[in-house]
Amino acid sequence: MQCKCGSEATSQKAIKSKLKAKIEFYQCGSCTRVSSAVLFIQDVEVATDPRSRTLFDELTGESAASLLDEVRREQELSKFELFANGELF
Ligand SMILES: [Zn+2]
């Protein structure tokens with residue numbers, strides 16, 4: 001991936017193993033700009049750039065659990081909406 005400055009940005013990741021959290025992002029080798037950061041908790045995508053970086057920095061066991069909860073609830077909800085809008089009824 002190419003950085004806005006024109007240099008090559010390489011894929012990086014940081015892990016907080018105790019929290020089963022991982023952030024994947026691109027960092028430029030020249031200007032160190034970070035982009036496209038995606039936060040995963042237990043391998044579930046919970047947030048994208050730029051929210052993901054702050055969340056990862058400030059992550060606690062509690063916030064990790066609530067983020068994961070939030071995403072799972074949304075998934076349940078969208079499944080429900082699919083049923084409601086579909087031809088299954
Ligand atoms: Zn750059």
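In which sense do strand E3 (residues 34-41) and E4 pair, and over how many bridges? I looked this up before anything else. E3 and E4 pair in the antiparallel sense, and the pairing runs over 4 bridges. I note here that the model is predicted.

**Entry: the sheet as a whole**

I next followed the order of the strands. The 4 strands form an open sheet in the order E1-E2-E3-E4, with antiparallel pairing. The edge strands are E1 (9-16) and E4 (44-48), each of which pairs on one side only. From one strand to the next, the twist averages 25°.

**Entry: E1 and E2**

I recorded two of the facing positions: Ala 9 stands opposite Cys 28 in E2, and Lys 16 stands opposite Ala 21 in E2. The hairpin of E1 and E2 has 4 residues between the strands, and Lys 20 takes a positive phi near 50° in this hairpin.

**Entry: E2 and E3**

Over how many bridges do E2 and E3 pair? I found 6 bridges, again in the antiparallel sense. Gln 27 has Val 34 in E3 as its bridge partner. In the hairpin of E2 and E3, 5 residues lie between the strands, and Thr 32 takes a positive phi near 60°.

**Entry: E3 and E4**

I returned to the pair of my opening question. Ile 41 stands opposite Val 44 in E4. Gln 42 is found in the loop between these strands, E3 and E4.

**Entry: the helix across the sheet**

Which strands does helix H2 (residues 61-85) lie across? I noted strand E2 (21-28), E3 and E4. Relative to E4, helix H2 runs at about 100°.

**Entry: Cys 5**

I located Cys 5 in the segment before E1. Cys 5 and Ser 30 are 25 residues apart along the chain, and their C-alpha atoms are separated by 8.2 Å.

**Entry: backbone angles**

I turned to the backbone with a general point in mind: most residues other than glycine have a negative phi, and most peptide bonds are trans.

Ser 36 is a residue other than glycine with a positive phi, near 50°. I placed Ser 36 in strand E3. Ser 36 has 14 other C-beta atoms within 10 Å, so it is partly exposed.

Gln 42 is not a glycine either, and yet its phi is positive, at about 50°. Is Gln 42 buried or exposed? Gln 42 is exposed because it has 12 other C-beta atoms within 10 Å, and the limit for exposed is 12 or fewer.

The bond from Asp 49 to Pro 50 is cis, with omega near 0°. Pro 50 is found in the loop between E4 and helix H1 (51-57).

Terms used:
Residues numbered from 1 in each chain as written. Predicted model: local features only at pLDDT ≥ 70, side-chain atom pairs only at ≥ 80, totals over all residues. Pairing = 2+ DSSP bridges. Axes fitted to C-alpha atoms, helices over the stretch in contact; angles between N-to-C directions. Contact = placed C-beta atoms within 7 Å. Buried ≥ 20, exposed ≤ 12 C-beta atoms within 10 Å, placed from the backbone.
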